[in-house]
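Hi,

Here is the structure we talked about passing on.

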Amino acid sequence: MNGFELTQKGKLPALPLEVKCPDCKHPLQLYTYAQAKSVACDRCARVSDVQENGLVPGKKVGREKQEPLIPIGSEGRIKDILYKVVGFVVYKEQNFKYRWREYVLFNPVHGYSFLAEYDGHWTFFRFVSDFSKGAAKNTTSLYYLDREFKLYNKYRSQVMYARGEFSWQITEDNSQFVEYVAPPYMLTHSFSKVDQSWMLGEHMEPETVQETFSITSPMPYKIDVGAVEPFSDNFSYQYVTKVGGIAAILLFLIQVLLFTFHQNKVLLDQTFTVTEEAGKGTLVPVPGPTLEIGSSFLGATNLQVILRAPVTNTWFATGISLLNVKTGREYFVEVGVEFYAGFEDGERWTEGSPGTDQILSSIPHGTYQVYLQPSRETMAYGTTLPETFQLKLVQDVPIWSNFWIALLLIGAVPLVQGWRHYTFEKSRWMNSDYSPYESN
Amino acid sequence: MNKYIKQIFLGYILLVLGYFSYAGLTGTRFLGDDKEESEAGGSSGSSGGYRRHTFYHK
């Protein structure tokens, strides 16, 4: 049998049973037929018990009359089961101000399910019969569906308004509820003096609920984070960390490969003597050697420039010009060193260094003429000006800054998602008295 | 955007890894460098002529 697709009449009701409210005589339709235990009138909010001799009037639950967002009688398919909305309840937690709403869903073959909405967050509940912890009420976590469910809330509810039909006495229900969460799932244990049950809830996106029941009215605005709202359906922190981790490993392997194949070829390692231009105070340019700069794999390479000069309380710099003898293209860079030292309050201090290095990137291969343009202070006060300098040029060196920057770029997304996930979870547990984020 | 966020992220990772590999093979530094380039004869700096010094010191 397929529920609403029944063709055999008399076995399960295909049409609602028409009855009248015993109080205001408003016509009521019972979709669940003999399974309803109480019926709430949508006009006068009188809750009547369904008994053999008819409807027996009971309490009124109209203090906070509210139109259900999903009208009674609406149909929608959830997890391939066609449900009809047969009841609507507005609940309040005892001793607290906040309210939530529940819709009772019915399928003649699959029975009852519930759709709960609180602060714009929707959860679909079904009864489960393969889990039970007996009457244990003090457990702080449970294991089900290979997940750890953590204690989230304990409460008793109070009916503020009801409409439709229910399979229990809604005004007499004094059950206590305990909720455990493992987003997107929730396990709810309800127990009273006479019975207990377990329900498994699953988060539903508001858009899905809207589409399922063809809701045309605006959906309730989402406030904060829902108890079982998942952080991200398709971009979870676990996924991002896994992909980022694999990418970091790949990056490291590529760096190891590049490191292995880097030539680190010394093209020049020479000490030069400076000569002052007569009467000008500047230094004479120094012609350097002709160098053959090869390439790594794609026609270009990098060049590490290492300069050392005997500077003490002074500075020294040199411009390095590389002129491609074939193309005429020139590459120029200036590197300098400065080193200062002294005593202050009996303590020695130093600043700078007599050596420095720079990397010139993407130098096309070819033959280059080197020209040097040294410079230094024109006058020395209490120090000696450098007369020589050592210059070293190394071709095809590994660039570690590239590795660290790439690692930072790869790690940025997991870091950001990790932070967002942490603040999201903290926000989720703000509504719980059992938050693992609060200190004792 | 949410539907394609995974693909965008994977594309971003591939871009980083790809450019890192390219930079390693061509000797390119992500942060660039201080070198100046000029064509033949187009600068007073060619053939060893005097250039303005830009090394900042105390």
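Below is what I found in it, starting with the overall shape.

First, some housekeeping: this is a predicted model, with local features needing pLDDT of at least 70 and side-chain atom pairs counting only at pLDDT 80 or more, while totals for chains, interfaces and linings use all residues. Residues are numbered from 1 along each chain as its sequence is written, chains are lettered from A and ligands numbered from 1 in the order in which they are written, and side-chain values use heavy atoms, leaving out hydrogens and water.

Chain A has 3 helices and 24 strands (DSSP runs numbered from the N terminus: H or I of at least four residues for helices, E of at least two for strands). Its radius of gyration is 40 Å, well over the 22 Å that the globule rule gives for 440 residues, so chain A is more spread out than a compact globule (the radius is taken over C-alpha atoms, and the rule is 2.2 Å times the number of residues to the power 0.38). Along the principal axes, the C-alpha atoms fill a box of roughly 125 × 60 × 40 Å. Of the 440 residues, 48% are buried (under 20% relative accessible area with a 1.4 Å probe, counting protein chains only; exposed is over 50%, partly exposed in between).

Now to β14(A), residues 185–191, where 7 of 7 residues are buried. Both faces are covered: A:Tyr185, A:Leu187, A:His189 and A:Phe191 sit on one side, with A:Met186, A:Thr188 and A:Ser190 on the other. That strand pairs antiparallel with β13(A) (176–182) over 7 bridges (pairing takes at least two DSSP bridges), and a hairpin through 2 residues joins them. Within that pairing, A:Gln176 has A:Phe191 as its bridge partner. β14(A) also pairs antiparallel with β15(A) (196–204) over 7 bridges, in a hairpin with 4 residues between the strands. There, A:Thr188 is partnered with A:Met199.

Further along, an open antiparallel sheet of 4 strands runs β16-β24-β18-β22 in chain A. Its edge strands, β16 (265–273) and β22 (355–364), each pair on one side only. β18(A) (300–308) and β22(A) share 8 bridges in the antiparallel sense, and A:Thr301 is bridged to A:Ile363.

One last thing to look at is helix α2 (237–261) of chain A, which contains A:Leu253. At 47% relative accessibility, A:Leu253 counts as partly exposed.

Cheers
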